[in-house]
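Please keep the sequence and the structure in view while reading.

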Amino acid sequence: MLVLRLLNVVAPAYFLCISLVTFVLQIFVFIPSMFRDLSTTPLFSPALLHGALFLFLSANALGNYVLVIQSSPEDLGKDLNLGKGAEVADWLDGSRSPGSALPSTHFCRLCARVTQRHDHHCFFTGNCIGSRNMRNFIMFCLYTSLACLDSLVAGMAYISATLSMSFADPLAFLTLLPHSISQFFSGALLSSEMFVILMLYLWLGIGLACAGFCCHQMLLILRGQTRYQVRKGMVVRARPWRENLREVFGKKWLLGLLIPVQNVESNYRRQKEK
């Protein structure tokens, strides 16, 4: 448990550090290098277009990241009349079925609360993902992967211009790292250039991981399932995929694709207010 609590602190710090480094490289290194192209008009220069695209992707990624943390799944412990004695201990040792009180409820030891439609605990946000912040979490994964792809393309263009090399051959990117390491230790490559090359592979890894996770979550949503239900082998009631999407993304799904907006309230909360 101590390792998990430590990871719950280190992972968000790691994400924020990577985001800060990416922002600094984009604003102070990649975008200024694009202004060297004097053949284009200032209004439609690659630097301004790329800068606007990067700021749009970053604002959506960080905005949804904040909303995932703020829109925490509500604690159902009070509604389920779970005290801090034997009843909570039943949740901890698994003797009480998570679906005995409400479907898809789960007690998270790190968050110390019972949440509805629990999907998983995200260490990078330090928060549980459930009915209230699932849409923001998917948007966070989507825009993080797009921001990493944007940074990867910009970094490759910068390295291509700086080192006078071409990435037309797919093997050029695969062999870039080992060649760069040998040139760095031989003194032929600057430390700043080596750092950018390392960031290229980091952006590729983070982008692919976030894209894969986003696609996996969308597949589960279409099926009306959560990761917790799949892991526990719970049987869910079959519903049309459109209804499953509407439950997570709501009617204002298009607005959520353009700007970070708070997730719609869960059906459980609506029923409770009635």
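## Salt bridges

In this predicted model, R239 and E247 form a salt bridge in which the closest N and O atoms are 2.3 Å apart. R239 also pairs with E243, and here the closest N and O atoms are 3.5 Å apart. The structure holds 2 salt bridges, and R239, E243 and E247 are linked by such bridges in a network.

How accessible are these residues? R239 has a relative accessible area of 21% and is therefore classed as partly exposed. E247, at 23%, is partly exposed, and E243 is partly exposed with 32% relative accessibility.

## Nonpolar cores

The largest nonpolar core is made up of 21 residues. Those with the most contacts inside this core are L25, F30, I159, F167, V196, L200 and W203. At least two residues of the core come from each of the helices α1 (2–34), α4 (134–162), α5 (170–174) and α7 (191–223). Which helix gives the most to this core? It is α7, with 6 residues.

L25 illustrates how parts of the chain meet. Leaving aside residues up to four places away in sequence, L25 touches F30, F195, V196, M199 and W203. There is also a second, separate core of 19 residues, and A61, C122, Y143 and F249 are included in it.

## Cysteines

A disulfide is a covalent bond between the sulfur atoms of two cysteines. How many disulfides does the model contain? The count comes to 0, by a rule based on the distance between sulfur atoms. The cut-off for such a pair is 2.5 Å.

C141 is in no disulfide, and the nearest cysteine sulfur, that of C210, lies 5.3 Å away. Because its relative accessibility is 5%, C141 counts as buried. For C215, the closest cysteine sulfur is in C214 at 5.7 Å, which is too far for a bond. Is C215 buried or exposed? With 56% relative accessibility, C215 counts as exposed.

## Annotated transmembrane regions

An unreviewed UniProt entry carries the annotation "transmembrane region" for residues 12–35, 47–68, 137–159 and 196–222. Two of these spans can be compared with the model.

Residues 137–159 are 100% helix and 0% strand, and the C-alpha atoms at the ends of the span lie 32 Å apart. Residues 196–222 are likewise 100% helix and 0% strand. The end C-alpha atoms of residues 196–222 are 39 Å apart.

S180 is found in helix α6, which covers residues 176–185. What is the relative accessible area of S180? The value is 3%, so S180 is buried. Not counting residues up to four places away in sequence, S180 touches L189, M194 and I197.

N8 belongs to helix α1. The relative accessibility of N8 is 17%, and the limit for a buried residue is under 20%, so N8 counts as buried. When residues up to four places away in sequence are not counted, N8 touches H121, C122, F123 and G126. One of these contacts, C122, is also among the residues of the second core.

Notes. Residues are numbered from 1 along each chain as its sequence is written. This is a predicted model: local features need pLDDT of at least 70, side-chain atom pairs count only at pLDDT 80 or more; totals for chains, interfaces and linings use all residues. Side-chain values use heavy atoms; hydrogens and water are left out. A nonpolar core is a set of buried Ala, Val, Leu, Ile, Met, Phe, Trp, Tyr and Cys residues joined through side-chain atoms within 4.5 Å. Buried means under 20% relative accessible area, exposed over 50%, partly exposed in between (1.4 Å probe, protein chains only). Helices (H or I, at least four residues) and strands (E, at least two) are DSSP runs, numbered from the N terminus. Contact means heavy atoms within 4.5 Å. UniProt positions are given in the numbering used here, feature names are shortened, and annotations may be inferred rather than shown by experiment. A salt bridge is a side-chain nitrogen of Lys or Arg within 4 Å of a carboxyl oxygen of Asp or Glu.
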